[in-house]
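Hello,

I am handing over the structure we discussed. My notes on it follow below.

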Amino acid sequence: MKNSLREVAKAKFGIKKLMGLVILLIVLLLIPRVASNYIVYVMILAMLYAMLTVSYDLLLGYTGQLSFCHGAFYGIGAYTSALLTLKAGLPFWVALPISGMFTFVVGAGVGYPALRLRGAYFAVTTFFFGHLVYLVILNSYKLTGGPLGLRDIPPPEGFLGIDFSSMNSSYYLILVFGILMVVFLYRLVRSGIGRIFIAIREDQDFAEAIGINTAAFKVLSFSISAGLAGLVGSLFAHFFRLLHPSTFAWMTSEMVVIMTLFGGAGTLFGPILGAGIVTFVLEVMRFAPEFRYVIWAIALIVVLVFEPKGLIGIIERIGRLWRKK
Amino acid sequence: MMQTLEVKDLSKEFGGVMAVEGLSFTLEIKAGSRLGIIGPNGAGKTTTFGMISGELKPSSGIVKFAGERIDGFKPHKVCRRGIGRTFQIVRVLPELSVYEHLLTGAIARKFSFGLGVDQQREAERILKLTDLERLKDVVAKNLTTVLKKRLELATVLMTRPKLLLLDELMAGLNLVEIEETLKLLRKINEEMEIALIVVEHVMKAVMELCGRIVVLYYGEKIAEGSPREVANNEKVVEAYLGKEAKNYARS
Amino acid sequence: MDYLVMQIINGIVIGSVYALIALGLNLIWSITDVPDFSQGAIYVIAAYVGFFAVTWAKLPFLASIFVAMCVGAAIAFTCEKMLFRRWRGTTHHIQLLCAIALFFLMSNLAVVFWTGKAKFMPSYLSGKIPLLGFYVTYERLVVIAMAGILFGLVYFFITKTKMGKSIQAASQDKETAEMMGINIDTVNSVVFALGGALSSTAAVLTAPLYSVYPTMGDLPLLKSLVVVILGGFGSVGGVLVCGLGLGIVESLGGFYISSAYQHGYSFFVLILVLLFRPKGLFGRM
């Protein structure tokens with residue numbers, strides 16, 4: 001098993017890319033040791049966003065469905081996990097998978113009717129669903145604390161002497177989950193399921209005509225994407241330990257969409273890159289809270305004008321030009 | 001037990017217009033079975049295909065395949081029962097290579113997590129059959145229309161159909177390409193024992209390939225028979241060329 | 001019982017706003033297959049333009065509407081020419097992404113220039129008329145009247161003028177329209193400019209009623225999208241009916257059921273309709 005994994009990685013990935021990944025991994029592992037607390041904090045935010053975009057890429061980049069409610073699933077996972085630990089007294093390690101599964105089920109429930117619609121109709125419907133979730137969270141004072149939010153959410157219970165209330169430990173925890181999620185999605189999109197998703201993206205009617213139950217697989221993609229977002233939500237809740245409805249309003253869903261498309265949908269690594277860069281740029285410019293969005297929007301438009309495939313497209317272009325030399 | 005496709009009294013209404021009305025025919029699913037459906041534009045040919053393959057729900061009537069009623073089935077279910085189709089405007093998976101198309105077809109037929117040797121072998125077999133081996137790594141969007149059509153057919157073949165519905169496969173092909181395609185279709189029909197129903201405007205192709213022809217005109221069947229019978233049928237000539245031509249031919 | 005009528009009138013007022021924005025969106029969407037989110041931001045900018053036209057330039061209200069219309073049309077026209085036109089005909093999500101980016105851009109520009117605090121537009125027409133036991137302000141009636149007039153004008157434009165018929169043709173079948181000699185570039189420009197003008201008018205009309213602030217466009221945009229989907233493409237009457245209908249549903253729902261979820265009722269209507277008629281109520285597509 002290990003052998004073939006390495007072979008697969010080398011063969012399909014290419015030595016250069018593999019080296020790049022290893023270096024990246026080493027850098028990521030070293031950051032808490034050399035960087036300030038603030039940088040670690042920003043890195044954590046970046047990783048959380050990266051997990052959101054990579055899980056969203058499954059739906060948008062690989063299955064071709066544009067939804068605007070990823071932030072809502074993030075929120076459902078976060079609040080569910082928080083409530084399970086706060087009010088039901090469950091440990092984090094139990095609340096985490098339950099939140100993920102619950103969000104998966106909600107995703108299936110919403111996806112089943114919603115995915116009968118296509119294109120922009122589907123997009124707008126999910127937009128509204130997302131907004132509805134936000135309204136429910138905002139108005140369910142007794143359950144979610146409404147506009148006051150939830151506080152004092154416990155950090156994950158430690159083991160082997162690790163204390164997860166520290167920033168560095170949280171960093172490593174989230175990094176591990178991030179890697180697991182990326183590996184999971186990487187294997188998934190290369191599996192038979194992934195091929196079916198891609199076929200649906202390329203031409204849904206043709207996929208249907210060659211025997212693919214497109215309705216079922218679209219719902220599956222939607223649900224997996226949602227469930228993963230729910231897991232990220234849980235991680236966020238127990239790291240930040242404070243939840244507020246505004247974190248899960250439509251702006252978040254829109255940002256996820258934009259980061260994914262900006263980085264390059266359908267590549268898994270593009271969205272991660274997009275999330276990382278955007279998080280950093282916005283954070284660096286936090287002294288100008290609105291202006292940074294203006295700069296960001298302009299940058300986005302400029303990138304799009306040059307390369308519709310996003311950052312990954314630009315990188316590939318540079319790669320091709322380099323090889324020509 | 002001979003398997004058949006049975007279409008009985010099939011009708012489809014679109015906003016007050018009967019696109020197809022009371023269509024009935026039967027086809028045995030075996031080698032040698034090649035049915036052609038011809039008719040002027042708007043006669044209801046593609047609509048008929050749509051009702052058989054599941055894109056459209058008949059307004060009334062029955063479609064039976066191998067003894068089972070399949071009208072109203074979703075397209076993927078119809079495909080799993082053994083009916084494959086190609087589309088009037090060719091459909092492919094633009095960003096995927098030729099080889100990936102066939103692998104996708106294999107997965108579509110029988111789901112599996114990984115891609116094993118069997119699927120690869122079958123893909124290679126179909127590549128050879130449809131003469132696409134040299135192009136196996138070409139991305140579909142870069143193919144010419146003719147090759148796209150062949151790729152579409154090859155992909156559908158991966159789903160191991162027993163009956164193929166081919167919608168205007170010859171459209172836009174030159175004489176050489178038509179000959180090659182006819183050769184391929186005969187091979188598919190005789191060696192792989194896949195029955196064919198062919199909708200066509202290219203008369204030469206239909207007349208040469210099909211043993212039996214159904215002629216549709218404004219949604220109704222106006223003639224059915226061998227190519228010769230149909231070619232000499234007055235009603236058919238009139239439908240295609242108008243009453244004037246019939247009078248002219250007489251005089 | 002009085003409250004019912006009052007809520008219905010409120011609903012018609014807000015519905016008129018949705019309908020106006022939706023009309024523009026409808027036209028743009030049916031020609032380009034892109035839901036133009038940037039109209040939501042043009043809405044915001046137009047409201048500010050109107051505000052400043054009235055308070056700084058001391059223009060009369062109608063004139064300020066006109067100024068805002070021109071600005072909105074110009075912005076939309078420019079966006080189309082420089083950005084949307086590049087990706088016309090591609091099926092990437094790029095045009096939608098661009099529209100969203102423009103929305104972000106313009107909304108945040110508004111915050112940068114004019115802060116997040118709401119600005120209150122002075123009332124331009126005082127007085128109210130009594131209606132069925134209570135009062136309706138003239139300003140609200142003006143909204144309804146303007147909407148009616150604009151809808152009538154657009155309907156006339158679409159059905160009776162040459163350009164209007166070209167737009168109809170292009171929305172049904174772009175390729176054939178082009179082959180028949182219709183200049184798609186011009187059609188696109190006209191349609192975008194028209195959308196910009198309509199959204200701007202809607203914005204300035206509501207400014208005196210609800211104040212002007214940078215995020216005022218978010219929700220109206222969303223509702224208008226719903227109206228377009230419900231009202232169907234290429235159907236001017238459908239947009240009007242659905243816009244007003246949605247406004248009334250919202251108003252009644254907010255009053256009788258719960259005001260907290262006022263913005264969610266549109267969603268239920270949408271889902272209900274789409275479950276039974278996936279192509280919208282009046283749609284041709």
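Helix H1 (residues 45-53) of chain B lies across E3, E6, strand E7 (163-167), strand E8 (195-199) and E9 of chain B, and runs at about 150° to E7(B). Contact is taken as C-beta atoms, placed from the backbone, within 7 Å. Angles, from 0 to 180 degrees, are between N-to-C directions of axes fitted to C-alpha atoms, for helices over the stretch in contact. Helices (H or I, at least four residues) and strands (E, at least two) are DSSP runs numbered from the N terminus.

This is a predicted model, in which local features need pLDDT of at least 70 and side-chain atom pairs pLDDT 80 or more, while totals for chains, interfaces and linings use all residues. Residues are numbered from 1 along each chain as its sequence is written, with chains lettered from A and ligands numbered from 1 in the order in which they are written.

The sheet in chain B is open, with six strands in the order E6-E7-E8-E3-E9-E10 and mixed pairing. Strands pair if DSSP finds at least two bridges between them. Strand E6 (83-85) and strand E10 (220-225) of chain B are the edges, each pairing on one side only. From one strand to the next the twist averages 20°. Strand E3 (residues 34-38) and strand E9 (residues 212-217) of chain B run parallel and are joined by four bridges; Ile38(B) has Val215(B) as its bridge partner in E9(B).

Chain B as a whole has nine helices and ten strands. Its radius of gyration (over C-alpha atoms) is 19 Å, close to the 18 Å that the globule rule gives for 251 residues, so chain B is as compact as a globular protein of that length. That rule is 2.2 Å times the number of residues to the power 0.38. Of the 251 residues in chain B, 45% are buried (20 or more other C-beta atoms within 10 Å of the residue's own, C-beta atoms being placed from the backbone).

In chain C, helix H8 (residues 184-210) has 27 residues and reaches 38 Å from first C-alpha to last, close to the 39 Å expected (1.5 Å times one less than the number of residues). H8(C) is largely enclosed by the rest of the structure, because 21 of its 27 residues are buried. Ser211(C), with a positive phi near 75°, follows H8(C).

The contact between chains A and B takes 16 residues from chain A and 24 residues from chain B. H9(A) gives the largest share of the chain A side, five residues.

Regards

Definitions and conventions:
Contact = placed C-beta atoms within 7 Å. Buried ≥ 20, exposed ≤ 12 C-beta atoms within 10 Å, placed from the backbone.
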